[in-house]
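Visitor: I would like to go through this model with you, one question at a time. Could you take me from its charged pairs to its chain contacts and its enclosed spaces?

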Amino acid sequence: MSNGSEDIEQSNHLPVLVVDDDADVRQVVRWALEDAGFDVLTAADGPTAFSQAELRRPGVVVLDHGLPSTDGTHVAAGLRQICGDHLPILIVTADGRAAEKARRAGAYGFIHKPFDDAVLVAAVRRGFATGEI
Amino acid sequence: VLLTQEAFISESAEGVAEVLLDQPAWSDIPVVVLIGAGTSPQRVPCLRTLLDAGANVTVLERPVPTTTLVSTLQAARRARLRQYQVRDQFEAVARAEAEERRALDRARHLQELTVQLGFNLDTSVLFAEIVDAVADLFDVTVVGLYLLERPEADFESVAARGLAPGQIGSRLPRHASLAGRAVDQRRTLAVDNVASGGDVVLPRLLGGSPVGAVAVAPILTEEHQLGAIEVYSPSPRDWALDDVELLTAFAAAVAVALTNVRHLEREQQEIEARDDFLAAASHDLKNPLTVIRGSIQMLERTLARTGELPRERLDMSIRTISGSVARMTALIDELLDVARLRMGTALVLERAPTDLVGLARRLAAIHQSASEKHTIVVNAKVPRLVGVWDERRLERVLDNLLSNAIKYSPGGEIRVGVSCDAESAVLSVQDRGIGIPEADLAHVFERFRRGANVRGRIDGTGIGLAAAAQIIQEHTGSIDLDSREGEGTLVTVRLPLSAAVESE
């Protein structure tokens, strides 16, 4: 969604891949990121995320750690195999062990659900900055 | 008694002395020597050697009257016999002392091992230690530890030493085995010679050789039959009374250690399951919150940027917010039911005419939309099946059953059946998933219980079936679960139709 966007600096860049099993959560994350000018891809599970990443390399991955059937850590590892070790991953979690989960997944950061849209957008921008270094 | 004369002693002098002195306890052997009249014993060289060495020598001067000779020899013989008796008595006392020492050593050893078992907190290590301890106590090379998951199930071999490969994990018949008899009779049984022992089933020993002798002690507590310890000997063996007593005592120690470890494991499982439950509950509650917050922020952003709210965005956010509120409400209701279940309080059912067929079709459609890998088939024998039930709670039951069927099967068909007989409505959900291990079947309706094949692998709170069972019980219905590991699970719910029935 690019209509009326003030911030289009990221639009020529790589997309953000949002991996979350909850369709409604994917929707609100998409709204927040698209309104901030990001290009957004979504996936409900690990296998879909892998095929998305193979088609188009994401600049940042926003990964829900509590995915059913596949552990978020494994999804992170799988995405790195496809996109390289430097792929910036932002972990989104609902429980209290976010820092530990983020470390295990080799993420550059984490945010808690329910998150503020400004916090999400800032964290994703930070991810793009990390990826450029 | 050695009877000789000086001439003979002179001829092979050193020979006789040497032979005599070579004997153990030579000084005890009475020697009667006949010498010529007036001969000094000290002048017969060998006799002197013997006398000097302190041998038990009686010297008689010839001519010796027969009566003297006979009485001397008889006295010597009596003395010799007394010596034997004393020696036998002494040996008997020494044997008894050694026996006592051994018994004491074993008792001390048993005590040490009992204490050691008590320190053990891990079952697999405990099993190995039990087997090693028995081998040590009885100085045998072959030991088997068999446990009963349920009183009438076969024994499962959980640890062994010296048994043929493949025997661990194998099963021993509950009744056609010596272990089974020991458990039934609540006493230790010992067979000295298996060849003549009859019809018991015994394992193969390492190298394929048959069992020669066996002793088995049941592992029992007051209420529970836990299993048995078998000690084998490759050849026949006379089991002593204290062997039997020791094995019995050791089995009692094992029963205590095993019960403690199981309690502990059970508690740890509950704690882990509670952690999982909290994590899952917070995840499930925070997702709809994220959606509500995200939707509101989207509206605020749009309004701030354009000064108005486009119809499309407004509709979308209203839909997602109200959907999330409904999800949270259902979740909180479920959590409250779970809390009631934990506190042991009864649910208050909100009964109203409810169509089970409609409910089944509605939930099947919801779950179908969430999974592409599964095909959910509803097979209703009647077009409508109405009873006076709590619709929301029955929804939760079917929701749980369908979630489980999807979660625990890789894909394929899931069958939902709705039918009725004279008294009950019957609802069933069948999958072809990974199933539930036999040992876990007895516990499926306990809260926080999850199968050994899914613990730590598939997300789940372990609360669903417990809550479902409670809801069905409040309806005075029944819920049964039939499952085979690797083949799938069938859950059958029966609800009484007694009040206000109309099925067409």
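Visitor: Which residue forms a salt bridge with B:D242?

Guide: This is a predicted model, and the pairing is read from the closest N and O atoms, which lie 3.3 Å apart. That separation falls inside the 4 Å cut-off for a salt bridge. The residue that pairs with B:D242 is B:R106.

Visitor: How many residues apart are B:D242 and B:R106?

Guide: B:D242 belongs to helix 7 of chain B, while B:R106 sits in helix 4, residues 66-118 of that chain. The pair therefore links distant parts of the chain, and the separation between the two is 136 residues.

Visitor: How many salt bridges are there between chain B and chain A?

Guide: Side chains of opposite charge can pair when their charged atoms come close. A search of the whole structure finds 28 salt bridges over all chains. One that joins the two chains is formed by A:D116 and B:R293, with the closest N and O atoms 3.5 Å apart. Between chain B and chain A the count is six.

Visitor: Which element gives the largest share of the side of chain B that touches chain A?

Guide: On the chain B side, the elements that give two or more residues are helix 7 and helix 8, the latter spanning 311-343. The residues of this side divide into five nonpolar, ten polar and seven charged. The largest share, 15 residues, comes from helix 7 of chain B.

Visitor: How much area do chain B and chain A bury between them?

Guide: The contact involves 22 residues of chain B and 23 residues of chain A. Of the area buried between the chains, 51% is on carbon and sulfur atoms, and the value for the pair of chains is about 2,100 Å².

Definitions and conventions:
Residues numbered from 1 in each chain as written. Chains lettered and ligands numbered in written order. Predicted model: local features only at pLDDT ≥ 70, side-chain atom pairs only at ≥ 80, totals over all residues. Heavy atoms only, no water. Contact = heavy atoms within 4.5 Å. Buried area = accessible area lost by both parts, 1.4 Å probe. Salt bridge = Lys/Arg side-chain N within 4 Å of Asp/Glu carboxyl O. Helix = DSSP H or I, 4+ residues; strand = E, 2+ residues; numbered from the N terminus. Nonpolar A, V, L, I, M, F, W, Y, C, P; charged D, E, K, R; others polar.
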